[in-house]
Amino acid sequence: MLTLSKMKLGQKFTLMLMVVFIGGILMSGIALERLLNHTAQAELTNKALMLMETMNSVRQYTVDEVSPELAERSETQFLPETVPSYSAHRVFETLQASPDYKDFFYKEAVLNPTNIKDKADEFEASLVSSFDRPDSREELHGFRKTPGGKLFYIARPIQIKQEACLSCHSTPDQAPKSMIEKYGSDNGFGWQLDEIIGTQIISVPAKTVFRTANKSLLITLAVFTGVFAIAILLVNLWLKRYVVRPINRMAATAEAVSTGDTKAEFIKWSDDEVGNLTDSFNRMRLSLQMAMQRLERHRRSRKGSQGAG
């Protein structure tokens, strides 16, 4: 196994760049994962809020336009089309047929609903309690665990803001007889104006959030990896051409000079630090050549003096 001191210059640079590359990928990967998860949640939240506004528009249309037109028939026959929540759920089911919304789920969870299937579970009831506090926010979102898996949810309160809603939910004697016949008189009554009676919830499987974020993360990391790989390749090519190759030539020339070939010249390829080093070696070679010439003349002069004596 090569130690750092025994590695060639190109190998050392490659090792250093690889360490920087791996460290950069790890740190950027962690930061990007958090950022992309947050971005994915924000994107889904915006889409869910748009859906909620759509559902509220459908509810309002049902109250203002549909219910009055069918009021007389509702006395003798229960018509679910006059119920705002029914209209909202039906429209949402149509939206779910689109690939963009197939993973979304919509529920109006009510503490005391007329239809028992709309009753809030323990978690949903806690959301209603949160909305009922003075310091409550108008919107809550986060993750929750369910038997079917982890869900990302966005919730808003359902508040009674119109007297028309109380016609069916104030007292049993005020409600349409057809509704009493279908659902009975035990549930869905006693609502008050401005009371928060439940919560609108749109949820999506958590894996959808993470899948969106992970897809973006993989694409981003692939781009980073490609850029780093190209950078390492270019740095190695540059290093080999402008540093390693000139140094190898200087080493070969220095080897020739050391064995007595003082005419061997260090070739200058650039004006950078390597070029300056080449100039220094050439001056050293010339100095050595001059010193050798003086030494040779001195030796010859001594030899001539000894011969004359």
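Me: How many strands form the open sheet, and in what order?

Reply: Strands of a sheet pair through backbone hydrogen bonds, either parallel or antiparallel. Here 4 strands form an open sheet in the order 1-4-3-2, with antiparallel pairing. Strand 1 (105–110) and strand 2 (140–146) are the edge strands, each pairing on one side only. From one strand to the next the twist averages 35 degrees. Two strands pair if DSSP finds at least two bridges between them; helices (H or I, at least four residues) and strands (E, at least two) are DSSP runs, numbered from the N terminus.

This is a predicted model, in which local features need pLDDT of at least 70 and side-chain atom pairs count only at pLDDT 80 or more, while totals for chains, interfaces and linings use all residues. Residues are numbered from 1 along each chain as its sequence is written, and side-chain values use heavy atoms, with hydrogens and water left out.

Me: Over how many bridges do strand 2 and strand 3 pair?

Reply: Strand 2 and strand 3 (residues 149–159) pair in the antiparallel sense over 7 bridges. Leu140 has Ala155 in strand 3 as its bridge partner.

Me: Which strands does helix 4 lie across?

Reply: Angles run from 0 to 180 degrees between N-to-C directions, with axes fitted to C-alpha atoms, for helices over the stretch in contact; contact means heavy atoms within 4.5 Å. Helix 4 (residues 122–131) lies across strand 1, strand 2, strand 3 and strand 4, at about 125 degrees to strand 4. Helix 3 (residues 84–95) lies across strand 1 and strand 4 (196–205), running at about 165 degrees to strand 1.

Me: Is Ser178 buried or exposed?

Reply: Buried means under 20% relative accessible area, exposed over 50%, partly exposed in between (1.4 Å probe, protein chains only). Ser178 counts as buried because its relative accessibility is 4%. Ser178 is in helix 5 (residues 177–183).
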